[in-house]
Every structure is written in structure tokens, then in C-alpha cells.
Amino acid sequence: MSDRALRAGVAVVALGGTAIAAYLTYVHYRPSALICTASGGCETVQESSYATLLGVPVALLGLCAYLAVLALVVYDSELARVGAATIALTAVGFSVYLVSLQAFVIDAWCIWCLVNDLVVVPLLAVLTVWRVVRQPEAAGAA
Amino acid sequence: MPPKPRKPPPRHPGTRNRNLLLAGAGAAVLVLVLVIASVLLARGGGDSTTTTSTTGDAALFAGIPQHDDVLGAPNAPVTMIQFEDLQCPICRSYQEQGFSQIVEQYVRPGKVKLRFAGIAFLGSDSEKALSYVLAAGKQGKLWDYAAALYANQGGENSGWVTDALLEQLAGDLGLDWSQLMQDAAGGEVKQQAEAMAAEAAQRQVPGTPTFFVQVGNGTPYLVQPTSFSIDTFRPILDDALGQ
């Protein structure tokens, strides 16, 4: 796969993640569901004390991370690739923690959080690390 | 003769490995910081083992008749049925928002009575809380006890409904703790909980809180407030009173 394709892949995945994180951020600040359901965990995940860090919603942190990856993939230097991979790998680690919380502590599931943590984030990590592994063939890399 | 094209510079595996190491190490440090921060801040904000042991606004129900699961004058023309799970944070939000004003403006004057319909779908803490709330109803303080539990609501299924908390709140509210324990474990409370669950199933209650309004002995109908503000409930209740 060419680096151009990989770069496009990172951008597409990061855009998808941005959309999910933006939605979760919106729900956090303005929950439209005034009801707990047995399947939805009554927005328990979103309402739990683990949903924010120092008052900042975790979803908003995720949104910032995705936007940073998008910026880095546009800028595209060697350092930018490392930066994007660092962010993506951080997201993988933190996602493992968040999914564990849902499973063992909060005992409720947030579906869109799971889509993000189990699909988008790992895919982003694979693509960004792949770009670090593949160094550009042209003499443009620093 | 055209110049030979320059060969691209050879790859440097060392650079690649260095970059991977940088990314991995950086990520590991960041993950550690984030997880530690998350755990410390979450526990500091809402530790399930600590309780404030407040009983909510004790004066709210003073002077209002309570008969088992009903709050308000028995002959109030309108009944609002509240399907609730004591672990439900949105039910707690309702308690903290419009509930007290509904009680003051509609229940206290005898216009509306509220019927508690507790369901325990969120887990074991819900079941335990519900048993004790229904038992408190045998001593005429179901609504006080429910309010107290909401005021001390902990993390979902975190084990926050401890015997210590239940006893503390019972003491604060002047309930007979021995009788409360006995009733909570008894068959009558169990049957009452099962009846409430059956009613929820029959009415296809989708979750909690869910509200039904009943005018006189008519068929209860579902109402769906868009917020928990008294301004949202006012037209609902006024409409029912006008029927």
C-alpha cells in the first residue's frame, strides 16, 4: 500500500473518529435522553465519574486527539508521523482502560464509545504505526 | 547525455526503530498518566464507600399523608405514577429538579397524589434498595427513604447500598430498623415489588423514570416530559386536573 493511500486512510479514520467524539461530546453536554433503559445503561457511562477528567469530558479529549491527528497528517513530516502514532497508541491504551471500566466497574455499555474504542482507535493505531514503519522513499524526510 | 537520476537515499532502520520506540514510550507514559488521573479523580469525586448520609430535604414531605407507596391525599383527583429505579441517575436528576416543586404545588394542596412504582432493572443494588424502600412504606415513610437513597446514590452496582447506609438513613428518619429489615426480607414486600415489575411490563415501560397520569379511576396514560422542570410538568398536570 502506498504512503499516499495510508495517509488518506489515516485521514478518513480520524474523520470518522472526530464525528463519533463530537457526537459523544454533544451528548455529554446536552443529554437528550431523559430515561435509563436496561440496554442503554441509562447513559450511566456518560454520567459516571469516569466520564470526565478534571471537568473535561473524555469525549472532548478524544475529539481533540482526533483533530490533532488530522492536523498532523496534513502537515506530514517525520515528527508528525511519530506524533500521530503516539496519539493513536495512547488512545489504544486508554481505550482498553475505558472498555474495562464499562465491563467491570460501571457495568454498563455506551455503544458509540465501544465503536470508537474497539474499531476506530485500533484502526487508527495500525495505520499511523504503519506509516512510521514505512519511511518515505523520497529524500524529503528529515 | 542526460544526468543519471539520483538513487533515493537508503532507508535507515535505526531511524525507524527509534521513531517506533519514541511513539511507544510516549504513548505508554501518556496512558499511565491518564489512567492514574482518571482513577484518582473518579474516586475523589464519588467514592462508593463514602456517603454523605444526608436524607435529602426532610421537610418536603412533612405534613403530607403517605400511605404505603402513595404520597398525597387519597382523594386527590389526579394520580401521577412514577416508574423509578433507585440506582437510576436520571431518576435522581428528576428528584433534584422538578420533583420538590411538584410536591409543593400539586401534592401538598391535594390536587395530585404520586404513586411510587419501583423497578429494579439496573442490578443488585437496585433490588436491595427497592426492598428497603417498600419496607419503609410499611412505616409510612417510603418517599422519605427513597429521597434519602437518591441523595446518597452511588455508582451503578458498585455496592453502594450497604447495610450501614440503610441503617444510617433509617435512623436519621426515625424508622424502626429491626422492623425495616424484617419487612424488607418479607414476602409482602417481595410481592409488592413483583407487582410493580408486572405493571411495568404490562404498561411497556421502556425505562426510568417513566410517568403515567391517571385522572380519577380512568386508564393511566403515558406522559413524556421533555425536561424535569416544573414548567414542563405544569401543563401536563393542569391538563389532567382540567379533565
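This is a predicted model: local features need pLDDT of at least 70, side-chain atom pairs count only at pLDDT 80 or more; totals for chains, interfaces and linings use all residues.
Student: What makes A:Arg131 and A:Asp3 a salt bridge?

Tutor: Their side chains meet at 3.0 Å, N to O. The limit is 4 Å between a side-chain nitrogen of Lys or Arg and a carboxyl oxygen of Asp or Glu, so the term applies. A:Arg131 lies in helix α5 of chain A and A:Asp3 in helix α1 (residues 3–29), so the pair ties together parts that are 128 residues apart in sequence.

Student: Why is A:Arg131 called buried?

Tutor: The relative accessible area of A:Arg131 is 4%. Buried means under 20%, so A:Arg131 qualifies. A:Asp3 is also called buried, because its value of 18% falls under that limit.

Student: Which other residue forms a salt bridge with A:Arg131?

Tutor: A:Asp76 does, with the closest N and O atoms 2.8 Å apart. A:Asp76 lies in the loop between α3 (58–75) and α4 (78–104) of chain A, so this pair ties together parts that are 55 residues apart in sequence.

Student: Why is A:Asp76 called partly exposed?

Tutor: Its relative accessibility is 23%. Partly exposed lies between the buried limit of 20% and the exposed limit of 50%, so A:Asp76 belongs there.

Student: How exposed are B:Glu96 and B:Arg92?

Tutor: B:Glu96 has a relative accessible area of 53%; exposed means over 50%, so B:Glu96 is exposed. B:Arg92 is at 24%, so B:Arg92 counts as partly exposed.

Student: Which residues do salt bridges that share partners join into one network?

Tutor: The network consists of A:Asp3, A:Arg7, A:Asp76, A:Arg81 and A:Arg131. Over all chains, the count comes to 14 salt bridges.

Student: How do you know that B:Gln87 is buried?

Tutor: B:Gln87 has 2% relative accessibility, and the limit is under 20%, so B:Gln87 counts as buried. B:Gln87 lies in the loop between β3 (78–84) and α2 (89–107) of chain B. Leaving aside residues up to four places away in sequence, B:Gln87 touches several residues, including B:Leu122, B:Gln153, B:Asn157 and B:Trp160.

Student: What makes the pair of B:Gln87 and B:Ser126 a polar contact?

Tutor: Their side chains come to 2.9 Å. A polar contact requires a pair of N or O atoms within 3.5 Å, one able to donate a hydrogen and the other to accept it, so the pair meets the distance limit.

Student: How do you know that β2 and β4 of chain B pair?

Tutor: Two bridges join strand β2 (residues 70–71) to strand β4 (residues 112–118), and the two run antiparallel. In β4(B), B:Arg115 is the bridge partner of B:Val70.

Student: In what order do the six strands of the open sheet in chain B stand?

Tutor: The order is β1-β2-β4-β3-β5-β6, with mixed pairing. At the edges stand β1 (66–67) and β6 (221–223), each with a single partner strand, so one side of each is left without a neighbour in the sheet.

Student: What makes the nonpolar surface patch of about 360 Å²?

Tutor: The patch is made by A:Met1, A:Val126, A:Trp130 and A:Val133. A patch residue must have over 30% relative accessible area and no salt bridge, and nonpolar side chains are joined within 5 Å. Of these residues, A:Val126 is found in helix α5 (residues 111–133) of chain A.

Student: How many helices and strands do chain A and chain B have?

Tutor: Chain A has five helices and two strands, arranged from the N terminus as α-α-β-β-α-α-α. Chain B has eight helices and six strands.

Student: What share of the residues in chain A and in chain B is buried?

Tutor: Buried residues make up 44% of the 142 residues in chain A and 44% of the 243 residues in chain B. Each residue counted has under 20% relative accessible area.

Definitions and conventions. Residues are numbered from 1 along each chain as its sequence is written. Chains are lettered from A and ligands numbered from 1 in the order in which they are written. Side-chain values use heavy atoms; hydrogens and water are left out. Patches are made of residues with over 30% relative accessible area and no salt bridge: like charges are joined within 9 Å, nonpolar side chains (Val, Leu, Ile, Met, Phe, Trp, Tyr) within 5 Å. Accessible areas come from the Shrake-Rupley method with a 1.4 Å probe; for residues, only the protein chains shown count as cover. Helices (H or I, at least four residues) and strands (E, at least two) are DSSP runs, numbered from the N terminus. Buried means under 20% relative accessible area, exposed over 50%, partly exposed in between (1.4 Å probe, protein chains only). Contact means heavy atoms within 4.5 Å. Two strands pair if DSSP finds at least two bridges between them.
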